[in-house]
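My notes follow in the order I looked things up.

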Amino acid sequence: MSPGKEIDEVSALRRKVAELESELRGHKQREQTSETRFRALADASPAMIWMSGPDALYTYFNRAWLEFRGSRLEEETGNGWTERLHPEDRDFCIETYLRSFSARQPFRMEYRMQRAGGDYRWVEDSGVPRYDDAGAFAGYMGTATDINDRKRGVFVPNEESVKMVLALTERERQVLVLIANGKSTKEAAAQLGISYKTADSHRSRILEKLGVHETASMVRYAIRAGLIEP
């Protein structure tokens with residue numbers, strides 16, 4: 001091979017390498033831009049969002065998650081997020097995640113997690129496998145939702161019952177609450193510092209305004225309106 005031809009081949013190879021390097025830099029820049037956009041959107045979301053890598057370790061948590069936990073990103077990444085799981089749920093939670101991760105299957109689970117302030121809250125955590133542009137497995141992405149109120153069966157007052165109870169006077173509501181809590185008319189009168197006759201008159205008006213005829217129905221109204229616990 002002549003010296004001139006060898007120089008031309010080396011130059012061509014260098015140009016090819018330079019082109020590949022430029023393409024790689026462009027790809028990385030596009031990836032970084034895409035990642036930046038994703039994180040901006042994730043941080044604006046009210047949902048708690050997390051991501052893990054192909055090694056199963058968690059790599060990202062959005063702002064909603066960190067605010068819920070009262071922690072910094074570096075405290076949650078890796079296996080840090082497992083540190084404040086409820087002791088009774090920790091093993092189940094980790095096993096469910098790792099089993100699904102190994103099978104590359106979506107998962108949904110409920111567990112208790114400590115939030116900022118120290119109390120434990122029930123959350124529903126869902127995760128799905130994610131893949132990069134080339135189709136290679138890249139880890140998991142998921143969301144967590146605070147379901148503590150739903151889990152504990154928080155009572156929601158009946159709107160119509162609330163309206164009916166609000167139509168009562170303040171004194172009538174006081175009498176209603178006492179009677180609904182098991183007090184007799186005489187006991188309610190004594191506790192409110194009024195005469196038995198006045199308390200009985202209030203009771204009669206309550207029955208009339210609610211459109212019922214017995215104490216049991218009064219109690220049901222008080223419960224449905226959220227004046228007393230079921």
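**Entry 1: helix 7 and its cover**

I started with helix 7, residues 170-180, and listed its buried residues: E172, V175, L176, L178, I179 and A180. I kept in mind that this is a predicted model.

What covers those residues? I found that the cover includes helix 6 (159-166), helix 8 (185-192), helix 9 (196-210) and helix 10 (215-224).

I then took the pairing of helix 7 with helix 9. Their axes are 9 Å apart and the packing angle is about 90°. I therefore logged helix 7 as roughly perpendicular to helix 9. From helix 7, the contact uses R171, E172, V175, L176 and I179. From helix 9, it uses A199, H202, R203, R205, I206 and K209.

A reminder to myself on spacing: an α-helix has 3.6 residues a turn, so residues three or four places apart point the same way.

Just after helix 7, I noted G182 with a positive phi of about 100°.

Next I looked up S161, which sits in helix 6. Is S161 buried or exposed? S161 is buried, at a relative accessible area of 3%. Setting aside neighbours within four places in sequence, I found S161 in contact with Y221, R224 and A225.

Y221 came up again when I checked V212. V212 belongs to the loop between helix 9 and helix 10. I counted V212 as buried because its relative accessibility is 13%, and the cut-off is under 20%. Beyond its neighbours within four places, V212 touches L207, S217, M218 and Y221.

**Entry 2: the whole chain**

I stepped back for totals. The protein chain has 10 helices and five strands. It runs to 230 residues, and 34% of them count as buried. The chain exposes about 14,300 Å², with 51% of that supplied by carbon and sulfur atoms. Of the contacts with a separation of 6 or more, 45% are between residues 24 or more positions apart.

**Entry 3: aromatic rings**

How many aromatic pairs does the structure hold? I got 16. One of them is W81 with Y97, an edge-to-face pair at 6.4 Å centre to centre with 85° between the planes. W81 lies in the loop between helix 3 (73-76) and helix 4 (90-103), while Y97 is in helix 4, so this pair ties together parts 16 residues apart in sequence. W81 is buried at 2% relative accessibility. Y97 is buried too, at 3%.

I went on to F107 and Y140. Their ring centres are 6.1 Å apart and their planes are at 25°, so I put them down as stacked. F107 is in strand 3 (residues 107-114) and Y140 is in strand 5 (residues 137-146), so the pair ties together parts 33 residues apart in sequence. F107 counts as buried at 7% relative accessibility. Y140 counts as buried at 0%.

Which rings do the pairs link into a cluster? I wrote down W50, Y58, F61, W65, W81, Y97, F101, F107, Y131, F137 and Y140.

**Entry 4: W65**

I picked W65 out of that cluster. W65 is in helix 2 (residues 63-69), and it is buried at 0% relative accessibility. W65 and M48 are 17 residues apart in sequence, yet their C-alpha atoms are 4.6 Å apart. Leaving out neighbours within four places, I found W65 in contact with M48, I49, W50, E76, W81, Y111, M113 and A144.

My last check was on backbone angles. Most residues other than glycine have a negative phi.

R104 is not a glycine, yet has a positive phi of about 55°. R104 lies in the loop between helix 4 and strand 3 and is partly exposed, at 33% relative accessibility. Its charged end sits over the ring of F137, 3.6 Å from the ring centre.

I placed A56 in the loop between strand 1 (48-52) and strand 2 (58-61). A56 is buried, with a relative accessible area of 12%.

Key:
Residues are numbered from 1 along each chain as its sequence is written. This is a predicted model: local features need pLDDT of at least 70, side-chain atom pairs count only at pLDDT 80 or more; totals for chains, interfaces and linings use all residues. Side-chain values use heavy atoms; hydrogens and water are left out. Helices (H or I, at least four residues) and strands (E, at least two) are DSSP runs, numbered from the N terminus. Buried means under 20% relative accessible area, exposed over 50%, partly exposed in between (1.4 Å probe, protein chains only). Contact means heavy atoms within 4.5 Å. Accessible areas come from the Shrake-Rupley method with a 1.4 Å probe; for residues, only the protein chains shown count as cover. Rings of Phe, Tyr and Trp (its six-membered ring) pair if their centres lie within 6.5 Å; planes under 30 degrees apart count as stacked, over 60 as edge-to-face and the rest as tilted. A charge sits over a ring if NZ of Lys or CZ of Arg is within 6 Å of the ring centre and within 35 degrees of the ring normal. Axes are lines fitted to C-alpha atoms, for helices over the stretch in contact, and angles run from 0 to 180 degrees between N-to-C directions. Angles under 35 degrees count as roughly parallel, over 145 as roughly antiparallel, 65 to 115 as roughly perpendicular and the rest as oblique.
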